[in-house]
Amino acid sequence: MNALDWLAEPAALIVFAGLLGLLVGSFLNVVILRLPRRLEHEWREQAREILATDAGAVGTADASACTAEYAYPAPDSDEDAHATAQADIAPRVPETGVDVVEAPLPAADGAREVPPPDLVFTASHCPHCKHPLSPLENIPLLSWLALRGRCRHCGAPISWQYPLVELLSALASAVVAWRFGFGPALAAALVFTWILIAASGIDVRTQLLPDQLTLPLLWLGLLGSLVPLFVDPSAAIVGATVGYLSLWCVFWLFKLGTGKEGMGYGDFKLLAALGAWMGATSLLPIVLLSSLVGAIVGGIALAAKGHDRSTPIPFGPFIAAAGWLWFVFGRELGELYATLFGLV
């Protein structure tokens, strides 16, 4: 029996997908923690270049002499993502006790801010004592359990995010393998699942849904429809269009009525991507399910933290969770809905 025959066995495939998801989950933690900082660094560099160009164009200042003092929150590690790019370049407040650096605008000598760690080549290390992690300390989930959630070198606690993301990735991957079986659909469904986990984690931490995740998910859904894997090209194109425009309309109606922005453009792109994978008929149940879960979970979270309703809550994770549930269990959920409301 060769490897492919072995993977064709349902039990073996589920175990293999779970183990693969555990390994991928470790990398997803890196993406969740480092990608926002990489993006914010790029945005700051681009802003400095634009500001320097504008200053030179109007002749109001010598760009080589322009410097600005900014306060950068001292991260616990190279893997600590900042909440927003604006927070990273806030004017200095001496009482905060954060690290203060001179952040020059692009000068004649071309000086630039040191970029954050990359996603692949920078080794993992303890966020507190900076000690590089050995291979045995970097085994997904098992190392965290063996170390009892603390660094072996300094004893500092290790964030619960690491094992939770790894476990979630493993369980979701195993469920997808059980649902779709061995074949191209499974490979696509695993990529779909992992991107949703990474995007949700970033949105929870930073309230950002990066184009670097939502747009590839959209294009993969459209390309998959050419096979087709889940829906045909017409359904994928209509689903992507309706997914984007539906939330776009809600956004502008809410803004015109209240003067506030109720969601971000990343939510539009995420729902468009889900429409590309599952078609327009999936969008209404996804929005309803995500709104219901978001209202319940968000309300509980706000009450637990003592915040009021004006506190922003990321909606992307609820869209992603509802989309994944419908992607995997859509038929069963539809039958349950029809039974509960007497439609069959």
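Reader: How many helices and strands are there in the protein?

Author: Welcome! This is a predicted model, and the protein in it has eleven helices and three strands. From the N terminus on, the elements run α-α-β-α-β-β-α-α-α-α-α-α-α-α.

Reader: What share of the residues is buried?

Author: Buried residues make up 39% of the 344 residues in the protein. As for the surface, the accessible area comes to about 18800 Å², and 68% of that belongs to carbon and sulfur atoms.

Reader: Why is H41 called buried?

Author: Let's set the value against the cut-off. Buried means under 20% relative accessible area. H41 has a relative accessible area of 10%, so H41 is buried. You will find H41 in helix α2, residues 10–58. Leaving aside neighbours within four places in sequence, H41 is in contact with E113, V114, P115 and P116.

Reader: And what makes D5 partly exposed?

Author: Partly exposed covers the values between the buried limit of 20% and the exposed limit of 50%. D5 has 39% relative accessibility, so D5 counts as partly exposed. The residue sits in helix α1, residues 3–7. The C-alpha atoms of D5 and F182 are separated by 9.9 Å, and these two residues are 177 apart along the chain.

Reader: What share of the contacts between residues at least 6 apart in sequence join residues at least 24 apart?

Author: Among those contacts in the protein, the share is 72%.

Reader: How do you know that α6 is roughly antiparallel to α7?

Author: Start with the angle. Helix α6 (residues 184–206) and helix α7 (residues 211–224) pack at about 160°, with their axes 10 Å apart. Angles over 145 degrees count as roughly antiparallel, and that makes α6 roughly antiparallel to α7. Their crossing is left-handed. On the α6 side the contact is made by V191, F192, I195, L196, A198, A199 and I202, and on the α7 side by L213, L217 and L220.

Reader: Which classes do the residues of that contact of α6 with α7 belong to?

Author: They divide into ten nonpolar, no polar and no charged residues. Ala, Val, Leu, Ile and Phe are among the kinds that count as nonpolar.

Reader: What makes α6 and α11 roughly antiparallel to each other?

Author: α6 and helix α11 (residues 316–340) pack at an angle of about 160°, with their axes 8 Å apart. The cut-off is over 145 degrees, and α6 and α11 are therefore roughly antiparallel to each other. The crossing of α6 and α11 is left-handed. Here A189, F192, T193, L196, S200, D203 and V204 in α6 meet G316, P317, A320, W324 and F327 in α11. By class, this contact has eight nonpolar, three polar and one charged residues.

Reader: Why are α9 and α11 called roughly parallel?

Author: Once more, look at the angle. The axes of helix α9 (residues 265–278) and α11 cross at roughly 5° and come within 10 Å. Angles under 35 degrees count as roughly parallel, and α9 and α11 are therefore roughly parallel to each other.

Reader: Which residues meet there, in α9 and α11?

Author: D267, L270, L271, L274, W277 and M278 in α9 meet G316, I319, A320, G323, W326 and F327 in α11. These residues divide into nine nonpolar, two polar and one charged. Gly counts as polar, while Asp counts as charged.

Conventions
Residues numbered from 1 in each chain as written. Predicted model: local features only at pLDDT ≥ 70, side-chain atom pairs only at ≥ 80, totals over all residues. Heavy atoms only, no water. Helix = DSSP H or I, 4+ residues; strand = E, 2+ residues; numbered from the N terminus. Buried < 20%, exposed > 50% of the residue type's maximum accessible area, 1.4 Å probe, protein only. Contact = heavy atoms within 4.5 Å. Areas by Shrake-Rupley, 256 points an atom, 1.4 Å probe, with all protein chains shown as cover. Axes fitted to C-alpha atoms, helices over the stretch in contact; angles between N-to-C directions. Parallel < 35°, antiparallel > 145°, perpendicular 65-115°, else oblique. Left-handed = near helix turned anticlockwise from the far one by under 90°.
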